[in-house]
Amino acid sequence: MAWDFETESEFQAKLDWADTFVREEVEPLDLLWHGLQFTPPDAEKRKIIDPLKDEVRRRRLWAAHLGPELGGEGYGQLKLALLNEILGRSEWAPIIFGCQAPDTGNAEIIAHYGTDEQKERYLRPLLDGEIFSCYSMTEPQAGSDPALFETRAEPDGEGWVINGWKFFSSNARTASFFIVMAVTDPDAGPYEGMSMFLVPADTPGIRIERNVGLGDEPAGDGAHALIHYDNVRVGPDAVLGGPGQAFAIAQTRLGGGRVHHAMRTIGLARKALDMMCERALSRRTRDGVLADKQFVQGYIADSYAQLTQFRLFVLYVAWSIDKHNDYRKVRKDIAAVKIVMPQVLHDIAQRAAQVHGALGMSNEMPFQRMLLGAGVMGMADGPTEVHKVTVARQVLRGHQPTDGLWPTGHLPSRTEAARAKYAAHLDREVGNL
Ligand SMILES: Cc1cc2nc3c(=O)[nH]c(=O)nc-3n(C[C@H](O)[C@H](O)[C@H](O)COP(=O)(O)OP(=O)(O)OC[C@H]3O[C@@H](n4cnc5c(N)ncnc54)[C@H](O)[C@@H]3O)c2cc1C
């Protein structure tokens, strides 16, 4: 009987430490430096950040998503999920624990497909938390559908020259290198005709046309770049994996990235639920507190049930990834988690905002930011609709059409079949009457 919902005590002690550490030491950074977690820290910030990172390393929780050969702990996805649901409370916590998106996904694919040289040049400083990276795949006219990508990389001497446009490349403005997906063999189609390139940020020809913000962030000051790759020349050593491997690499990367977002979303939704409960117990009405009202109790019960379902699903998916050690084998459930994630965060943040009244609508509480985050979760790494198609296709693979006129679940037909099966016995019963 292998089903077990308990965490071994040694790791639970680490989680308990992380929970207190994040609340007391890291969450204050969210208030001091909101939105600056991907800006290389100056000397003053480093005085605070570096000792916090050192403490995480001492506790053996640094870069928990990677194996020991890469400076991580090799805990696997399930333990990472338990840790990430704590880190999800805080925008700075993943940085302090060395496991922030999109760098985690980028590190994973370099670790998996990179040459020793590429690992030394890009992966090592990335894992040390010294630099940031950018994943540049989505195109303005194509979204994230590779079949419509137009960015081309053409042979140029021994290397390549890249031309095209990419949109919503997060953290391009502060990244030290970009991972660019480009068409290298248009005749081979999207699955075998594209390649990934590791491109240093200071390579001539990389033009950030605009930094796009989210929601009501000031125009031109966002973290998501529209980039023009204008005759960007790279050497043969810039190809990640091999020519034509981009699609397979992207699947590896996005599989992990999606489930890591889901792990952190548990933490954020739980934070909203905690705040909802505190407010419900504190806000007085003429005949008690909000928590006495059945509508509010309904908000709390629905939120708890939704969060618990979601959490167990995420933990199950993490466990499945550890078991199969192959994202492709867990594709259906990763896509299903991606579908559920924005809805859970949206519903809980919305109820929490409602229970807080005007304050809940204001910029003095974090709920509107969480609601924007829920929208982002339904878009980044592919829109929900596309993941629904993936899930439906995979589910349908396990089913067959029927040849007959009536569905196999048709009750009169089934009853007739049941009578035929037990005819001898039924005849005897009738005979006994
Ligand atoms: C905060 C944030 C960060 C991001 N970071 C990165 C990054 O670092 N690197 C990167 O490369 N990209 C990044 N993206 C881009 C992201 O991958 C795309 O936004 C996403 O894939 C959708 O593409 P699109 O925005 O062009 O929307 P579109 O493709 O235009 O889709 C718009 C809508 O059309 C519908 N739709 C689209 N396709 C289908 C379909 N097949 N079936 C049914 N309905 C469909 C859906 O309702 C969808 O929401 C980021 C996005 C966000 C919001």
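Which residues are the closest to the ligand? In this predicted model, 21 residues surround the ligand, and Met-137, Thr-138, Gly-143, Ser-144 and Ser-170 are the closest. Two or more residues of the shell come from each of strand E1 (133-136), strand E3 (159-170) and helix H13 (384-397). By class, the shell around the ligand comprises 11 nonpolar, 8 polar and 2 charged residues. Because domain 2 (133-240) and domain 3 (250-396) both contribute residues to this shell, the ligand lies between these two domains.

The domain assignment of the protein chain also gives a domain 1, spanning residues 9-100. The C-alpha centres of domain 1 and domain 3 are 21 Å apart. Contact between the two domains involves 11 residues of domain 1 and 15 residues of domain 3. On the domain 1 side, the residues that touch domain 3 are 5 nonpolar, 4 polar and 2 charged.

A further contact was examined between two helices, H8 (residues 246-282) and H12 (residues 367-377). Their axes come within 12 Å and cross at roughly 155°. An angle over 145 degrees counts as roughly antiparallel, and H8 is therefore roughly antiparallel to H12. The crossing of H8 and H12 is left-handed. Helix H8 contributes His-261, Thr-265, Leu-268 and Ala-272 to the contact, while H12 contributes Phe-367, Met-370, Gly-373 and Met-377. Of the residues in the contact of H8 with H12, 5 are nonpolar and 3 are polar, with no charged residue.

How values were computed
Residues are numbered from 1 along each chain as its sequence is written. This is a predicted model: local features need pLDDT of at least 70, side-chain atom pairs count only at pLDDT 80 or more; totals for chains, interfaces and linings use all residues. Domain bounds come from an automatic or database domain assignment. Two residues are in contact if their C-beta atoms, placed from the backbone, lie within 7 Å. Ala, Val, Leu, Ile, Met, Phe, Trp, Tyr, Cys and Pro count as nonpolar, Asp, Glu, Lys and Arg as charged, and the others, Gly among them, as polar. Axes are lines fitted to C-alpha atoms, for helices over the stretch in contact, and angles run from 0 to 180 degrees between N-to-C directions. Helices (H or I, at least four residues) and strands (E, at least two) are DSSP runs, numbered from the N terminus. Angles under 35 degrees count as roughly parallel, over 145 as roughly antiparallel, 65 to 115 as roughly perpendicular and the rest as oblique. A crossing is left-handed if the near helix is turned anticlockwise from the far one by less than a right angle, and right-handed if clockwise. A residue is near a molecule or strand if its C-beta atom, placed from the backbone, lies within 6 Å of it.
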